[in-house]
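Hi,

Here is the structure I said I would pass on. Have a look at it first, then read my notes below.

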Amino acid sequence: MFTTLFTHPACLEHDTGLGHPECSDRLRAVLAALETEEFHMLERQEAPRATVEQLLRAHPQSHIDRVLSLIPEVEHAGVDADTVVSPGSGEAALRAAGAVCAAVDAVATGQSRNAFCAVRPPGHHAEREKAMGFCLFNNAAVGAFHARAVHGLQRVAVMDFDVHHGNGTQDILQFDPDMLYCSTHQSPLYPGTGDAGEKGEYGNCVNAPLPAMAGSPEFRHAMTHVILPAIDHFKPDLLIISAGFDAHSRDPLAGLHLIDDDFVWATRKLGELARTHCGARIVSVLEGGYNLRALASASAAHVRELMYC
């Protein structure tokens, strides 16, 4: 069994316009970093489109219809002040969510040990009934419910180390006692959620906010004393990682000071828990990261460690 990379050229056709931080060059940078010789063993699969049935487990039909109706025939349209769509955005969003479902299929059936989904648009800000923060559909949540519905993986943990709190994933998962959402993130920062007191309906949301300028010691302390024990206690059947790399010290949209080795360390620790509880089943999906060099190096470091998990 190998680590499998799921991606699709359609994800490059989601055009957010000149100067937008969530641009196609992000994905190009990640894919280029994964083309070097050390990744020659990485199995590569084309992401399918998510089906309506898959999307409906995380979003109502009204949300799906609204998102797809906003896709313009030419140029650009605004979903909100931050979120822009173009003629290629609908296909990209369907492939991004579909990638996570396909990755779940691969690890659940033993075809892959774990998987990384190099896709865009990202998903963790998309709430059950609201697209926002560069996100249209919640890729991680769609994958989590797919794991349960299709493969009987009842208990799914989502660990989000993006610098922004995944308000959308929390919104969707918080009322399900067999879903766990954990997040480290900078606070205060967009979208203004993720206080440590936000614990979900069943105590199944675990937030570890970090102050601006926090770095490796603070991040690793939060992981060691808050996040990892929560996942260990939950004993998931599958672990999904919302892998945002905008907590990197070089990222322009936030103020944390992580380095590549922090993402390696976190991936290793999550891998240890996955081996203990869920047969090493991990699906990682790209979220944020807006300095191209930092995004490329950190995502490569993350995938490199996944290959050894």
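**What I found**

Let's start with helix 1, whose buried residues are Ser-24, Arg-26, Leu-27, Ala-29, Val-30 and Ala-33. "Buried" means under 20% relative accessible area, "exposed" means over 50%, and "partly exposed" is in between, using a 1.4 Å probe and protein chains only. Helices (H or I, at least four residues) and strands (E, at least two) are DSSP runs, numbered from the N terminus. Those buried residues of helix 1 pack against strand 1, strand 5 (112-117), strand 10 (282-286) and helix 9 (292-306).

Before you go on: this is a predicted model, where local features need pLDDT of at least 70, side-chain atom pairs count only at pLDDT 80 or more, and totals for chains, interfaces and linings use all residues. Residues are numbered from 1 along each chain as its sequence is written, and side-chain values use heavy atoms, with hydrogens and water left out.

Glu-22 sits in the loop between strand 1 (2-7) and helix 1 (24-33), while Glu-37 sits in the loop between helix 1 and strand 2 (43-46).

What does Glu-22 touch, leaving aside its neighbours within four places in sequence? The list is His-14, Thr-16, Arg-120, Pro-121, Pro-122, Phe-134 and Tyr-290, with contact meaning heavy atoms within 4.5 Å. As for Glu-37, its C-alpha atom is separated by 34 Å from that of Glu-218, and these two are 181 residues apart along the chain.

Zooming out, the protein has nine helices and ten strands. Its radius of gyration is 17 Å, close to the 19 Å from the globule rule for 309 residues, so the protein is as compact as a globular protein of that length. (That radius is taken over C-alpha atoms, and the rule is 2.2 Å times the number of residues to the power 0.38.) Of the 309 residues, 59% count as buried. Among contacts with a separation of 6 or more, 77% come from residues 24 or more positions apart.

Finally, the UniProt record (an unreviewed entry) places the feature "domain: Histone deacetylase" at residues 20-306. UniProt annotations may be inferred rather than shown by experiment. In this model, that span is 40% helix and 15% strand, and its end C-alpha atoms lie 30 Å apart.

Cheers
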